[in-house]
Amino acid sequence: MFFKNILYEIKLNFRAKEVLIWMIIFPICLGLFYKLAFGNLGKSMEPVSVAVVENTEDKFFHMFYDTVNNNQKDENSSSLLNATYCSEKEAYEKLYDGDVAGVVIIDPIEGESNETSSGDISSMSNIFGENWDQMKDFDEISEKAKAVSVDTPDINKYMDTLMNSYIRETNMSVKIQKNGSEQSTLKSYIEMFINMKKMAKDLWKSNSGGQKNKAVDNISDMMNAATIKSTPLTDGNKDPLAMYMYNLIAMVSIFGSLAAMHIAITNQANLSTIGMRRSCAGTPKSMVILPGLIGTYISHSFCVLISITFLKFALQIDFGDKLLLVYLTGILGAIMGVSLGFFVGAIGRLTEGAKTGIMMAVNMTLCFMSGLMIDAIRAVFSMQIPIVNALNPVAIVTDAMYYLNMDTDLSRYLTKLMMMGGFTVVFIVLGILMTRRKKYASL
């Protein structure tokens, strides 16, 4: 009898259209929507192709381009620009053909000569070496400058000649054919370059004598700080899309509450006709409630496993290398959700429809606070009212998934599992206390 009731409850759940819609179809559709809407979050952006026309040499642009691109490159990102140096005619042909997002033209400043006299060239070669005007970065320039004694006659003059060779005044313009994200990136890049060049000149002019050597180091540090290189603290998946998927699994888990309320309602004679019949029957309530809970646990856990499998293998969501524990988390979350529904179903004298509406509103509120709709809202609650998410069943499941993926040890993950188990026990005990041994004046 006991096992027949479990089988009956499983069949009852899977025959209910609401279960198929909310527990299977809805999560799959929402997962597809998240994948289409947020699938590119956290992905590296392709470099912007640009044609560069140098009507005059700008060594600072070359060093800035190399430094920024090298600092930007890592396993998760690529360079900002992909520059092609060519003639002005070729550059405009590439622009009109759509091969580049824009054309950068570097022109000399009218009336200003940047040529170094033959006498200065000879002196500079004697002081700084033959390749004094062919160095590739400011680290190399700094080493050359430090090797020269500050007591060298006319050292400031030669230092200025050295630096003016690398930080020359030029006119830079950008030509584009249309507006777009690539053009905005190019514009921001050129603005950053112009500001960096001005800062380098100001740093140089503000120092004199022996301080010139330090100025070169400062310029080098400033160039290297033009971009921030990320140093990962964990090998876990940091894709923002994964957080939405954790919340989606938590939502499916907690939605088991909708399928479990009838267990309590159909065992109370003042709430349903089935409850009247069961109260008159001689069957102990435990033989009805426990099979109902177990059957709903099984059927809802199966729905959660379908959702996780779909996200993992159909949408290719990276849940880390502990997939079995991901499934375990989903199952425990499903059991907690079913227990919550059983507890809510046992409260008060409202009809099943009214309790379903209240339960749906509560579930969506909990999902919102956990970050299902807006990922950042979870951090706001964690900072401002930490007790909210500490007692939020949806946030507990989400945190368990997050810790499982990001942490190298399982201490925080196991803590969340124990909290899920604790909530489950509390909900079941309270639900049983409110449904057992009730007496009715008339039926």
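Figure 1. Of the contacts in the chain with a separation of 6 or more, 78% are accounted for by residues 24 or more positions apart; contact means heavy atoms within 4.5 Å. This is a predicted model, in which local features need pLDDT of at least 70 and side-chain atom pairs count only at pLDDT 80 or more, whereas totals for chains, interfaces and linings use all residues. Residues are numbered from 1 along each chain as its sequence is written, and side-chain values use heavy atoms, with hydrogens and water left out. The chain has 19 helices and 4 strands; helices (H or I, at least four residues) and strands (E, at least two) are DSSP runs numbered from the N terminus. Of its 443 residues, 45% count as buried, where buried means under 20% relative accessible area, exposed over 50%, and partly exposed in between (1.4 Å probe, protein chains only). The accessible surface comes to about 22600 Å², and 58% of this belongs to carbon and sulfur atoms. Accessible areas come from the Shrake-Rupley method with a 1.4 Å probe; for residues, only the protein chains shown count as cover.

Figure 2. Arginine 168 lies in the loop that runs between helix H7 (155-166) and strand E4 (170-175). This residue is buried yet has no salt bridge, and the nearest side chain of opposite charge, that of glutamate 57, is 4.7 Å away. In this count Lys and Arg are positive and Asp and Glu negative, while His and the chain ends are not counted. A salt bridge is a side-chain nitrogen of Lys or Arg within 4 Å of a carboxyl oxygen of Asp or Glu. The backbone oxygen of glutamate 57, however, lies 3.0 Å from a polar atom of the arginine 168 side chain. The side chain of arginine 168 also makes a polar contact of 2.9 Å with the side chain of threonine 56. A polar contact is a pair of N or O atoms within 3.5 Å; within protein, one must be able to donate a hydrogen and the other to accept it, and residues adjacent in sequence count only if both atoms are side-chain atoms.

**Figure 3. Two salt bridges involving helix H8.** The structure holds 7 salt bridges. In one of them, lysine 197 pairs with aspartate 58, with the closest N and O atoms 2.9 Å apart. The pair links distant parts of the chain, 139 residues apart: lysine 197 is in helix H8 (residues 181-205), and aspartate 58 is in the loop between strand E1 (48-54) and helix H3 (59-72). Both lysine 197 and aspartate 58 are buried. Another salt bridge joins aspartate 202 to lysine 198, with 3.2 Å between the closest N and O atoms. These two residues both lie in helix H8, 4 residues apart, about one turn of the helix. Aspartate 202 is partly exposed at a relative accessible area of 39%, whereas lysine 198 counts as exposed at 54% relative accessibility.

Figure 4. Aspartate 399 forms a salt bridge with lysine 416, and the closest N and O atoms are 3.6 Å apart. Aspartate 399 lies in helix H18 (residues 393-406) and lysine 416 in helix H19, so the pair ties together parts 17 residues apart in sequence. Aspartate 399 is buried, with a relative accessible area of 8%; lysine 416 is buried as well, at 12%.

Figure 5. Val425, Val426, Val429, Leu430 and Leu433 form a nonpolar patch on the surface, together with about 410 Å² of accessible area. Patches are made of residues with over 30% relative accessible area and no salt bridge; like charges are joined within 9 Å, and nonpolar side chains (Val, Leu, Ile, Met, Phe, Trp, Tyr) within 5 Å. Leucine 430 lies in helix H19 (residues 411-435) and counts as partly exposed at 34% relative accessibility.

Figure 6. In helix H11 (residues 256-265), 10 of 10 residues are buried, among them Ser257 and Leu258. Asparagine 363, found in helix H15 (residues 352-370), counts as buried at 0% relative accessibility. Leaving aside neighbours within four places in sequence, asparagine 363 is in contact with Ile254, Phe255, Ser257, Leu258 and Leu340.
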